[in-house]
Amino acid sequence: MTPHERPLMRRSQLTTSLFTTVTAIVLTLAVFASAAETDKPASTGTDKKPAAKDTNGATGMVKPTATIGAKKPAKDPATALITEAVEKLTAEYKATQKKEGGGGSLRTTSDYFTEVPAELTPEKVLAAVSKSYGSDPVLDAYVRWQLLSAIPGTLEDKLLSKGVNAYRSAPRPLTRVGASADERKRLDQAIKGDNVNIDTINSKFNEAVDRRAAMNAPIYSFRDDLFSKLPASPDAFIAGLGDAMDRFHAGDNKGGNNQLKLVGQRVTLWSVSVENPRQRAVVADAVERLRKEPGVEYAQLVEPGEGGRPRWKLGMARPSKDELNNIIESMKGAAAFDVPAEKGKKKQK
């Protein structure tokens, strides 16, 4: 290398070293910036706003909006009680869902409020059980069901509408295993082949059905208890029939017809004492509409088919004609005891 080329070589080395150093600094800053962004808590809607700017663009002091010495509004006692209950019940539910070291089992009765605080009026409780408490329908129903223990008896007539609305907002039942189209396809795949063990498949299938039924227990319990608290009326009975259809649509034939039986029992007692006979016609129309429901097909078990090939035996979840007939007949029997309207008096509408 000539003496003239040595200075040029040193300048080239310095330039390369400087470029490498700057690049490393930029990359390092980028990594920390990314990590800081990741570590930021999600916005809760209560983050502080940036300081206000004056007309010149400079940051100024934010003027206080609260009056000095003013007291914060007191928290509603009922809201505090419900919030505390929701937190405890949610923790209680989640503890039982842990695969290892689970914290016992769920409550089997609605008994969270063994003594009802005076602040928890039926109106407050109905508002609480009309809300959703998470995307998990089982957790949601469990919390609402336990909150319902703050209403020990039947609701007053004036709360019928709110009670029915809460009932209709209940979490929907989970679909029975083998009732959805996707599950039916998977079940059909399970019995293809030459060495199908029918007993083993039926055993595993029944276990899955039982697990799904256990998950539905809090959902049904909330619905059953709330229905029992509704004042006897056409609106309550029609809502109860809708509950039965939700269970049929989930492929639960037994659950749907059990609900029909409950509705029928209440209708029978109500029909005898109803003051306006035309109210029976309203309920009867709702019952008759259920006869037109097509039902939902579901897999029951594997059985030998033609040529010994296994096949799924199918069932149909739909209203029982016997249960529907029982409701109708109970109202017809009660109608025989109606007192005819006296002449000269207008009939009840």
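The expected span of a helix is 1.5 Å times one less than its number of residues. In this predicted model, helix α9 comprises the 21 residues 253-273 and should therefore span 30 Å; its end C-alpha atoms lie 31 Å apart, in agreement with that expectation. At the N-terminal end, α9 is capped by Asp252, a side-chain oxygen of which is placed 3.4 Å from the backbone nitrogen of Lys254. The buried residues of α9 are Gly255, Gly256, Asn257, Gln259, Leu260, Val263, Gly264, Val267, Trp270 and Ser271. Among the elements that cover these buried residues are α5 (160-168), α7 (198-229), α8 (234-249), α10 (278-290) and α11 (321-335).

Val267 of α9 also belongs to the largest nonpolar core, which has 63 residues; Val267, together with Val129, Leu147 and Met331, touches the most other members. Leu147 touches Ile82, Ala85, Val86, Leu89, Phe113, Val125, Ala128, Val129 and Tyr133, residues up to four places away in sequence not being counted. Another core, of 11 residues, lies apart from the largest one and includes Ile191, Ile198, Ala299 and Trp312. In soluble globular proteins, nonpolar side chains tend to be buried together.

Helix α3 (residues 122-129) contains the buried residues Val125, Leu126, Ala128 and Val129. These residues cover an arc of only 160° around the axis and therefore lie on the same side of α3. The cover over the buried residues of α3 includes α2 (77-96), α4 (137-147), α5 and α7.

Conventions
Residues are numbered from 1 along each chain as its sequence is written. This is a predicted model: local features need pLDDT of at least 70, side-chain atom pairs count only at pLDDT 80 or more; totals for chains, interfaces and linings use all residues. Side-chain values use heavy atoms; hydrogens and water are left out. Helices (H or I, at least four residues) and strands (E, at least two) are DSSP runs, numbered from the N terminus. Buried means under 20% relative accessible area, exposed over 50%, partly exposed in between (1.4 Å probe, protein chains only). Contact means heavy atoms within 4.5 Å. A polar contact is a pair of N or O atoms within 3.5 Å; within protein, one must be able to donate a hydrogen and the other to accept it, and residues adjacent in sequence count only if both atoms are side-chain atoms. A nonpolar core is a set of buried Ala, Val, Leu, Ile, Met, Phe, Trp, Tyr and Cys residues joined through side-chain atoms within 4.5 Å. The arc is that of the directions from the helix axis to the C-beta atoms.
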